[in-house]
Amino acid sequence: MNSTANSEQQGVPVSGPFPSQPTAYSINLPPGAVYPSPPYGQVPMPPGYIPFQMPLHMPPQVPPQYPPQMSMPIPERAPGCPPGLEYLTQIDQLLVHQQMELMEVMMGWESNNKYLVKNSLGQQVFFAVEENDCFSLQCCGPMRSFVINIQDNMGQTVMSLMRPLKCSACCCPCCLQELEVQSPPGNPIGYVKQNWHPYIPKFTIQDEKRNSVLKIIGPFCDCKCFSDVNFEIKSLDETSVVGRISKQWSGYGNEMFTDADNFGVQFPMDMDVKMKATILGACFLIDFVFFEHSKKQDHH
């Protein structure tokens, strides 16, 4: 009787619809969550009432797991290979994909070009980004001078491409296109020089001492619908083909309304790594000279 009276005085019923651990309170709890005891005894609560309580402890949230970016593993650097170009010693083909810029598609405003460089398996080898000012982008168009920094998968700049401002008219043999390839930046390893010809695109690949090594010869017409445009890499006497730079057909929509181009670069596996890097630089120069033009600007 005394315990019953004490319980009734404290406002806790001896028997009622609320057991010591109500079933309605313990359903649908997050795994591992710990809640404090509900405040019984003050105000009678209807059956099924679930009090609003903040958990004292919640299980830690596990961050979402994303698949790692596919990138080519770093091989060992061979003797004489510039640091960061170890990738080129083990490949004979590169795929260059220019990223589409929204402002160019919608407004026709030229912006700094960005490229993804991958191997034949689709693994990222390099990332190339142009550095330029607004005046050159909007006023000089595809003939603008530029600096393109090529970065490895760690974000380190391993190669720089330097192009001065030159005239685009084929009738001016004194102002032909030229590109300097540096690796590491500040150390020239090769040059690409345009050769004058009235109707056929021609370039010469030179080493760091400006000795001519290879030739690049393009087609008579660089505008082909529904097919690739091939620039053959040949020996100095132009008798044998040793590689190719192909501007790949990317579909009617991309070709008509954007200047985002795709290229394939092929060279011998045992070619000097510096010459491979220079041929890659020639790919960017060919893109600017023959294919870098905004469709929006053409329509205007």
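1. Eight aromatic pairs are present in this structure, a pair being two rings of Phe, Tyr or Trp (for Trp, the six-membered ring) whose centres lie within 6.5 Å, with planes under 30 degrees apart called stacked, over 60 edge-to-face and the rest tilted. In the pair formed by Phe 146 and Phe 288 the ring centres are 4.5 Å apart and the planes meet at 35°, so this pair is tilted. Phe 146 belongs to strand β4 (residues 146-151) and Phe 288 to helix α5 (residues 273-291), so that distant parts of the chain, 142 residues apart, are linked by the pair. Helices and strands here are DSSP runs numbered from the N terminus, a helix being H or I over at least four residues and a strand being E over at least two. Phe 146 and Phe 288 are both buried, where buried means under 20% relative accessible area, exposed means over 50%, and partly exposed lies in between (1.4 Å probe, protein chains only).

2. The model is predicted, and its local features need pLDDT of at least 70, side-chain atom pairs count only at pLDDT 80 or more, and totals for chains, interfaces and linings use all residues. Residues are numbered from 1 along each chain as its sequence is written, and side-chain values use heavy atoms, with hydrogens and water left out.

3. A second aromatic pair joins Phe 231 and Phe 291, and this one is edge-to-face, with 6.3 Å from centre to centre and 85° between the planes. Because Phe 231 lies in strand β10 (residues 229-234) and Phe 291 in helix α5, the pair ties together parts that are 60 residues apart in sequence.

4. As to the overall fold, twelve strands close into a barrel in the order β1-β2-β3-β4-β5-β6-β7-β8-β9-β10-β11-β12, with antiparallel pairing. From one strand to the next the twist averages 20°, where axes are lines fitted to C-alpha atoms (for helices, over the stretch in contact) and angles run from 0 to 180 degrees between N-to-C directions. Two strands count as paired if DSSP finds at least two bridges between them. By this rule strand β7 (residues 188-195) and strand β8 (residues 202-207) pair in the antiparallel sense over six bridges, and Gly 190 has Asp 207 in β8 as its bridge partner.

5. Strand β1 (residues 93-98) is joined to β12 by five bridges in the antiparallel sense, with Leu 95 opposite Gly 264. Strand β11 (residues 241-248) is also antiparallel to β12 and joined to it by five bridges, and here Ile 245 stands opposite Val 265.

6. Which strand holds Gly 264, and is this residue buried or exposed? Gly 264 lies in strand β12 (residues 262-266), and it counts as buried because its relative accessibility is 7%. Beyond its neighbours within four places in sequence, Gly 264 is in contact with Leu 94, Leu 95, Arg 244, Ile 245, Ser 246 and Gln 248, contact meaning heavy atoms within 4.5 Å. Gly 264 and His 97 are separated by 167 residues in sequence, yet their C-alpha atoms are 8.8 Å apart in space.

7. The largest nonpolar core has 47 residues, of which Leu 85, Phe 126, Ile 245 and Phe 284 touch the most other members; such a core is a set of buried Ala, Val, Leu, Ile, Met, Phe, Trp, Tyr and Cys residues joined through side-chain atoms within 4.5 Å. Helix α5 supplies the largest share of this core, 13 residues. Setting aside neighbours within four places in sequence, Phe 284 is in contact with Val 96, Tyr 115, Val 117, Ala 128, Ile 148, Ile 150 and Leu 161.

8. Some backbone details in the loops may be checked individually. The peptide bond from Ser 183 to Pro 184 is cis, with omega near -10°, and Pro 184 is found in the loop between β6 (178-182) and β7. Arg 210, in the loop between β8 and β9 (212-217), has a positive phi of about 65° although it is not a glycine. Glu 238, in the loop between β10 and β11, likewise has a positive phi, near 60°, in a residue other than glycine. Arg 210 is partly exposed, with a relative accessible area of 39%, and Glu 238 is partly exposed at 29%.

9. Arg 210 also lies over the face of Tyr 191, at 3.8 Å from the ring centre, under the rule that NZ of Lys or CZ of Arg must be within 6 Å of the ring centre and within 35 degrees of the ring normal.
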